[in-house]
Each structure stands twice: as C-alpha cells, then as structure tokens.
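Subject: Structure handover

Hello,

Here is the structure I promised to pass on. Please open it alongside this message.

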Amino acid sequence: MSAPTVESADLVWMEGDQPFSSRFDDVYFSRDSGLEETRHVFLTHNRLAERWRAMAAGDHFCIAETGFGTGLNFLAAWQLWQASAPDDTYLHFVSTEKYPLARTDLQRALAIWSELTSLSTELLDQYQDLTPGWQHFSFAGGRVTLTLLIGDLFDTLPELDAPVDAWFLDGFAPARNPDMWQPALYQRMAELSRPGATVATFTSVGDVRRGLIAAGFEMRKVKGFGRKREMLCGQLQQPPAQPWRAPWYARPERSGKRSAIIIGAGLAGCSTAHALARRGWQVQVIERLPDVAGAASGNPQGILYCKLSPHHPPLSRFIQSAYQYSLRLLQRELKQGEGRWHACGVLQLGTDDKEQRRQQGLASQGYPASFLQAVDARQASALAGVEISSPGLFFPAGGWVSPPTLCRQLLEHPNIEVRTTTAVADLRHDGSQWQLLNEQGDCLAASGTVIICGAHETARFSQTRHLSLKPIRGQITHLPADAHSSRLKTVLCADGYVSPARQGEHHLGASFRFDRLDLTPSKEENRHNLQLLQSLSPELHRHFSATAPQGARVGLRCTAPDYLPLLGPVLDPDAFLDQYAVLGKDASQQPTAPAPLQPGLYVNTAHGSRGLISAPLSGELLAAWLGDEPLPLPRDLSEAVHPSRFLLRQLVRGNASSSKISTQGQRR
C-alpha cells in the first residue's frame, strides 16, 4: 500500500481575513454570520443542547462530520458542550478532511471569532500541519476528543469504528463538490449511526434528501439560515443491516463500573491509566518494582524515533499516527527543559544505499516540512552541530524525553492510585470480577476490569500464556559530556542512536540481543554501542574513541512476531479454537457466534523500542475499547494490533489445536 499524499487546502484570502477555496470556488463560512449559521444548522437542528442536558454521569456522545475545514463547527459544538452537558460526560468529535488547512491558515481563519479564542488556542496549541491517516487530539482534561480522518472520506469512513449520535453533513455545496455528496456516503452514515441518530445539513438539494431517505433517515425541510430559504434535518428511522464483521474483533460489552486495575507501571501502564483517569475512571496501578518505570521504561533518555516505510504497511501507519499523538501529549503534559523533554529534532541518517532509497521514497510523498525534511550531509551537519557524513531525514518536532519523568507525570491524577513493590502471581475470576493473587494465594486486589501492561511478563498468567511475546535485551551506554560533545544539538539515529547531553551525559545505544536475558551490563555491548557512533558521526566516534563509559543500563524490550503491539481484549484460546474451528478448513467462512472473551481482561504490551511513541495512543485505544467510544485508529489497524490476531492466523493456517495453543506459552 502506497502512502497517500496530503494536499493542503488551496486558500485565497478575501477582504484580508475571509478564507475562500479556489479548488471548490466557495467560501468556508460567511465572515459576518458563519458562527451563527453553524449554531442554526448543526447545533439547533441536531437538538444538541437538550440532548446533552439529559445525559447521565459517565455518558459519551459522538458527533461525526464531513469536512473539518477551519474547525468552526467543532469549536462551536465544544462551546455549547461546555455550557450544556453535565461535568461527568464526554464528547467525541470525528471529522473527515481531504484538504487540511496549514496551521498558519487555521490560525488566521479562527482569529475572526474572538468568543472562541480560549478553545481555538487549545486547538492550535496541538495542531500541526497534518499527515495522512487518523489524527487524535484530547482537550478539556480528557472530556473532549477530536479525531481527524485525513484523506478522501470514501477511503476513511469505511475504516471508521464509531457509534455516532449526530451528523454534521457539511463540506462545500453539492454543486461545487459533487464527488462527496453520494449515496455511498449516506449508506455509510446509516451503518455507523446509533439508533435514533440525527443529521443536519445546510443544503436542501433533492438528491441529498432522497439519498438520505434511501439510507434509512427520515428527512424534512426546515427554514435555512439567512438568505438560504431551506435546509435539511432528520433522524435515523430504519437502521440498515450491518455488514458482517469478524466477531473476534467486535467490541466487548461495556463495563457498567468505571474502575480498573492496571498491572505494570511502565510507559504502557501509565499511558493507559492516564487515558482512563481523564475519562473519569478510578484506576489502581500495581507495580512489582519499588518505583514506576523501573524496568525497560526507565532509561534516562528515550528517543521519539519515527521510522516509516514509503510503502505504508500497518506498522508504519500505526507509528505515524502514534508519533504525532505522542508529540501532542508531551506538549500538553510536560514542560520542555529541566531534563524532562527537548524537541531538539531527530536526524535519521541514511548510512547505506538501501536506507537512502527508503528515505528518498518518504521524502517524495508530500509530507509537510514541519513533519519531515530531506537533508544532505552538509545540512545534517549544520542541524546537528557536529560532522555528519550521510544524508538523512530530519524530524524537526522530534527529540528526547525522560521516560520516568513522563510516567510519573501521567500518574499525577486524583483518579489514580499507585501501589509499588506489589507482585501479582496469578489471576482468578470468581464469576463477577478478577482477583489478583500473590505467591501465597492471598487476594491483593479485585476488579471487574484488569489490564495487563507487563511487557513480556504479560504472558506469564495462564489467561495470557498463548500470546506471542518475545523479550529482547538492550543495553545503553552512558558517555560523559564535555564542551566538544555538547555541540551535538539533535538526536542522531541509524542502526543505533546518540542523544544530546542531559545532566552531563550522552546516552548511546542500543544493543539488540536474543541470547541472554539478564540485566547485568556488559563491556562487550558498550564496545558495540561505541562502534555505532562511526555511522552516526565520525567526529563523535573519534572524540569518544579513548573515553571510558561512565555507566550502562540494561532493559528487556518486548516484541511480537510482526513488531506491532498487542492492544485490546483477551480471548479464551481453547474456546476460540473450538468455536471457530471451521476457519481451519475454509477461511472464507463468516461465523457469527460471539467471541469467547475473558470477561474484562485486556492487554497493552509488545511496544519494542518504540514505547514513547506507541504507548500513549495505545492507552487511548484501550480507553475507547472500554468506553465504547470511537476508536482513534482505522478499523484495519485496530485489528492489526488486536491480541487475537495470532490465534486467528494459526487457526487459518491449520497448525493450531487447543492443546498447542494452551501450552505454547511465552517465546524465549
């Protein structure tokens, strides 16, 4: 699959501050009454204020929109939400956009609406020039989420997994943008809608009304806004037959009690706790070590490393969306400086012909310069502050983070309780909830929802022993910084990486070993790491060639065979094999029996060396699973990271049986 190219909106500014689309020959909104038109068409005729006032504690409401444009509809809905909805309720806004505005244009367009300044400022603080795919945002302390689907809506909406309560059918007028206003859109709207979902649109064109009626909406004409005599609004009356979806990927039943226990206080566990706590969940985090981030997440500097593929396989697409969400989270949760986070940029160097060809392929795909830039060796040297002998890609928004600091910050929430030095030896379900047992069989805690975030140790429980997880040893080397080495201004990456100085040290790594799993630093791996400097910067390699390391740290990464994380609900493996045995004979069968889930049991693991990038968005995905929210990833990616994928592959290939699955255990 080739990566789609983002085409930014083609704007002309009329009278200095009115955005006009030269592509569609139409205005984005009326300068004088655009906000009032949004309120009349979309807010009033979806009956949002009255519906929101009637919501109960913990309820979620989802709006889906065609055409994000300047974000005016989103901000107007958010403003009304603040005024109408109870405090303990949650708004999800999902919007498609084929031609996203550059940040500078968005800022200029929204400057018109001074009464929205506080909200538009929060949006602009997280908004950068957008890349293709799903872009997920969190606002208002977690009460409001925004998911932008960047690309053609006929590519993105089929991959949306969201229970929609109200539709903003927007976009440029049907006569200006006929490609959007199609029966396939109306049918997909109906498929995504909850029973009784509403729709409103500024147009009254007959083809639109008839198309929505054919899809199951009851539509009526009402008074339009201003000079527009009529508009359309309606409600879903006849939900369509849903297309078959694999039951092992179906949403689990939503928990009635918003409380959970998380096992593991590394990046995955802390990100999951943070995502749930911001949604009003009471979360208890249990960690076997004395401190949070005490295992693989405990390196003093973690790199926001975003290695992509020009062919855009699932791993690359997942990493791209997760990288940009992590940057937003860091900007929201951590201040730069003070040894916490530095957006110093990351240089990925092309040290051989194959890597240079890969990077050239990426650079040709139209990514905005704020996301990545191709640089030659001279430009790379100027950016890095030291001699670089290879061309590469520069990610200006990337940098390094202190993972332990980030973990502690994510846990700073009144809804989160942390228990360290507490080892869970076994899990037992008593028919209503999970009991977490110690070595002596005593109950440490109990909850209806348990999320295991224990890296490779996730698979040591009988309920998760079937998961395909592999630990990989990695050692980083600490080098003393001096005046010369402190000239390094950016992170350098190739086969290894070296960081700019933090608290008098550079961190260099990392080794990648399968043959030993102990945590004792080795001189051999220090020598290996120092050799990596040759391809990163010959100057730094010469400088440190006679320098003795001043320490090292070892951790165990956890990976799955396909290098994607495992995120989501956990199946009962033996029941799965029995229930869907027909797939072993004919993979084209479409069974409908519900998946045999382990009730209330989830995992978030196998982030490899990418935890800083992948864990935050993974926490959002877990929260969406648990709360029946719109998923922050396209459906095919949520299935690509689903824990059941390996059971399914083994069954379809005909090499799985109940006895093999239940005893295969953790790979070592």
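Below are my notes, element by element. Keep in mind that this is a predicted model.

Start with strand 7, residues 144-150. Of its 7 residues, 7 are buried, so the strand is largely enclosed by the rest of the structure. Both faces are covered. Val144, Leu146, Leu148 and Ile150 point one way, Thr145, Thr147 and Leu149 point the other way, and all are buried.

Strand 7 has a parallel partner in strand 5 (residues 90-97), joined to it by 7 bridges. There, glutamate 97 stands opposite isoleucine 150. Strand 6 (residues 133-139) also pairs with strand 7, again through 7 bridges, but runs antiparallel to it. In that pairing, serine 138 has threonine 145 as its bridge partner. Strands 6 and 7 form a hairpin with 4 residues between them. Look at alanine 140 in this hairpin: its phi is positive, near 55°.

The order is 20-13-12-24-31-30, and the pairing is mixed. Which strands stand at the edges? They are strand 20 (416-419) and strand 30 (566-571). Each has a single partner strand, so one side of each is left without a neighbour in the sheet. Neighbouring strands of this sheet are turned by 20° against each other on average, direction ignored.

Within the sheet, strand 24 (residues 450-452) pairs with strand 31 (residues 597-605). The two are parallel, with 3 bridges. Valine 450 has leucine 601 of strand 31 as its bridge partner.

**Helix 13**

Helix 13 covers residues 403-410. Here 6 of the 8 residues are buried, so this helix is largely enclosed by the rest of the structure. The buried residues are Pro403, Pro404, Thr405, Leu406, Cys407 and Leu410. What do they pack against? The list is helix 9 (267-277), strand 14, helix 10, strand 19 (400-401), strand 20 and helix 17.

**Alanine 615**

Helix 17 spans residues 611-627 and contains alanine 615. Is this alanine buried or exposed? Its relative accessibility is 0%, so alanine 615 counts as buried. Leaving out residues up to four places away in sequence, alanine 615 touches Leu267, Ala268, Ser271 and His607. Alanine 615 and alanine 322 are 293 residues apart in sequence, yet their C-alpha atoms are 8.0 Å apart in space.

**Serine 309**

Serine 309 sits in the loop between strand 14 (302-303) and helix 10 (314-333). Despite its place in a loop, serine 309 counts as buried, because its relative accessibility is 17% and the cut-off for buried is under 20%. Beyond its neighbours within four places in sequence, serine 309 is in contact with Ser316, Arg358 and Leu362.

**A surface patch**

Last, the surface. Val12, Met14 and Val27 form a nonpolar patch there. Together they have about 200 Å² of accessible area. Valine 12 lies in strand 1 (residues 11-14). With a relative accessible area of 39%, valine 12 is partly exposed.

Best wishes

Methods
Residues are numbered from 1 along each chain as its sequence is written. This is a predicted model: local features need pLDDT of at least 70, side-chain atom pairs count only at pLDDT 80 or more; totals for chains, interfaces and linings use all residues. Side-chain values use heavy atoms; hydrogens and water are left out. Buried means under 20% relative accessible area, exposed over 50%, partly exposed in between (1.4 Å probe, protein chains only). Contact means heavy atoms within 4.5 Å. Patches are made of residues with over 30% relative accessible area and no salt bridge: like charges are joined within 9 Å, nonpolar side chains (Val, Leu, Ile, Met, Phe, Trp, Tyr) within 5 Å. Accessible areas come from the Shrake-Rupley method with a 1.4 Å probe; for residues, only the protein chains shown count as cover. A salt bridge is a side-chain nitrogen of Lys or Arg within 4 Å of a carboxyl oxygen of Asp or Glu. Two strands pair if DSSP finds at least two bridges between them. Axes are lines fitted to C-alpha atoms, for helices over the stretch in contact, and angles run from 0 to 180 degrees between N-to-C directions.
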